[in-house]
Every structure is written in C-alpha cells, then in structure tokens.
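Please read this briefing alongside the sequence and the 3D view.

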Amino acid sequence: MPRDDHPRDGHGAPKARAPRDGVEAWDAEKKVVEQVASIIANKLSMLPLTKDAFLDEAVSWIWNHRSRFDPSKASFRTWCSTLLHNRGVDIIRTHARERKMKREKRYEAMNHQRRRASDRDDRDPADMLEAHLEGLNRVLVAIECQLLGRLAPDRCEAWLRHADLPTGFSWQAIEAVGNRADRRKALAAACGQNYAWVNQRIYRAIQKIRQAEGVEAGVADDGEEA
C-alpha cells in the first residue's frame with residue numbers, strides 16, 4: 001500500500017465520509033480524490049498524455065468503486081491513494097504497451113514501404129506502363145520517358161495501334177528530342193493539342209501509376225497540373 005502523505009482521520013484532518021453516504025457527501029469528497037490523484041500522478045512521474053488520462057478519470061474511477069470503501073479499515077484518503085496508485089500503474093503500463101505497438105506498426109510500415117520501393121526498382125518500366133495505362137496515355141508517357149524506341153518491335157507496334165494516333169504521327173522524331181519541354185511541345189503539335197493539354201495528360205497518367213504502385217513510381221515525373 002503506498003504511503004499516505006496526508007494526515008489521517010483524527011490527526012488534524014476533517015473526518016472523511018464514505019462516498020456511499022449519499023450524493024452530497026460524495027460531492028465533498030471529490031476534492032479529496034482530485035488532490036490524491038494529482039499527488040499520485042506526480043509520484044509515478046507520468047508522461048503528460050498519461051497524466052491527463054489518469055486525472056480525467058480519477059473521480060469517476062473512485063465513484064464506480066465506491067462500494068468497496070470500508071471506513072473501518074482505512075480513511076477515505078488512504079483508500080483513494082491505494083486505489084488510484086494501482087489504477088495509475090495500470091494506465092502507465094497500458095499506455096506503454098500502446099506506444100510500443102505504435103512504434104512496431106510504424107517500423108513495419110517503413111519496412112513494407114522499403115520492400116515495395118525495392119520491388120519497384122526491379123520492375124521494368126514498360127511493364128508498369130502496360131499494367132496501369134492504356135491507349136494514348138501509355139504512348140505519351142512512353143515517349144516522355146524515351147521508352148518507346150527501346151521496346152521490342154511487336155510490342156511497340158501494339159502500343160501504337162491501340163493509341164488512336166493522328167495520321168503521320170512521327171513518334172521516333174519526337175522521342176529523339178533531347179529536351180523534355182521541347183519534346184512535350186512536339187507531342188502537343190503532333191496530337192493537334194496545346195502544351196497545357198500534354199502536361200495535364202502526362203501528369204495524370206503518371207499520378208495513376210504512382211497511386212497503383214505506391215508512394216513513388218519508377219517513372220520520372222516533373223509534370224505540371226494545367
């Protein structure tokens with residue numbers, strides 16, 4: 001039983017009434033509970049969040065256990081001190097377990113993200129495009145990344161066939177443009193669109209890959225939202 005730092009009944013302290021004596025008597029004892037709870041929290045060196053949780057429930061905890069108080073065995077203050085000390089230790093242990101679980105979950109999430117990033121690094125960018133994009137969007141991003149010319153001829157032909165491109169679309173010349181901004185301008189002109197349209201189309205296509213693959217995707221993106 002923890003030491004009672006306050007004078008017991010009959011030694012200078014007012015007589016503590018049992019909380020079961022009635023609501024009015026209990027109202028008078030709440031101040032005692034709050035005082036004891038504050039002392040216990042400081043003695044146990046509780047962390048701020050744990051201390052707040054403990055103090056917030058101290059009065060209701062004692063009230064809910066009031067039937068266990070026996071004034072023939074201890075003063076109300078001493079009984080509160082014992083009960084609240086035990087409750088404080090329980091809360092500290094519970095919060096410690098919760099913090100440990102949160103740390104473990106964060107650690108596992110970080111490891112999972114690293115594993116996913118490693119898996120993405122090993123993936124063929126062409127496979128990613130084929131898995132998540134279709135038609136014109138796939139071809140636009142492939143040209144953006146200068147990837148189309150590196151595909152097997154039959155695969156490149158299949159992508160172009162499903163892209164519904166304008167007649168005379170010269171993807172080789174566009175993909176050969178070294179500067180990306182100029183490459184996008186050439187793409188826009190070949191598609192009969194403006195530069196903002198190409199920016200937005202490529203940006204949204206790459207965002208779709210990112211969402212499907214995770215936080216980051218293995219396709220470069222400095223796209224602009226039009």
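Glutamine 146 is partly exposed at a relative accessible area of 32%, where buried means under 20% relative accessible area, exposed over 50% and partly exposed in between (1.4 Å probe, protein chains only). The model is predicted, so that local features need pLDDT of at least 70 and side-chain atom pairs count only at pLDDT 80 or more, while totals for chains, interfaces and linings use all residues. Residues are numbered from 1 along each chain as its sequence is written, and side-chain values use heavy atoms, with hydrogens and water left out.

**Loop residues with positive phi**
- Glutamine 146, a residue other than glycine, has a positive phi near 50 degrees, and lies in the loop between helix 5 (135-144) and helix 6 (153-161); helices are DSSP runs (H or I, at least four residues) numbered from the N terminus.
- Aspartate 164, also not a glycine, has a positive phi of about 55 degrees; its place is the loop between helix 6 and helix 7 (171-175), and with a relative accessible area of 73% it is exposed.

**Cysteines**
- The count of disulfides is zero, a disulfide being a pair of cysteine sulfur atoms within 2.5 Å.
- Cysteine 145 counts as partly exposed because its relative accessibility is 25%, whereas cysteine 156, at 7%, counts as buried.

**Helix 4 and helix 9**
- The axes of helix 4 (residues 125-132) and helix 9 (residues 195-213) come within 10 Å and cross at roughly 95 degrees, the axes being lines fitted to C-alpha atoms over the stretch in contact, with angles running from 0 to 180 degrees between N-to-C directions.
- The two helices, helix 4 and helix 9, are therefore roughly perpendicular, a term for angles of 65 to 115 degrees.
- Met128, Leu129 and His132 of helix 4 make the contact with Lys208, Ile209, Ala212 and Glu213 of helix 9, contact meaning heavy atoms within 4.5 Å.

Definitions and conventions
Angles under 35 degrees count as roughly parallel, over 145 as roughly antiparallel, 65 to 115 as roughly perpendicular and the rest as oblique.
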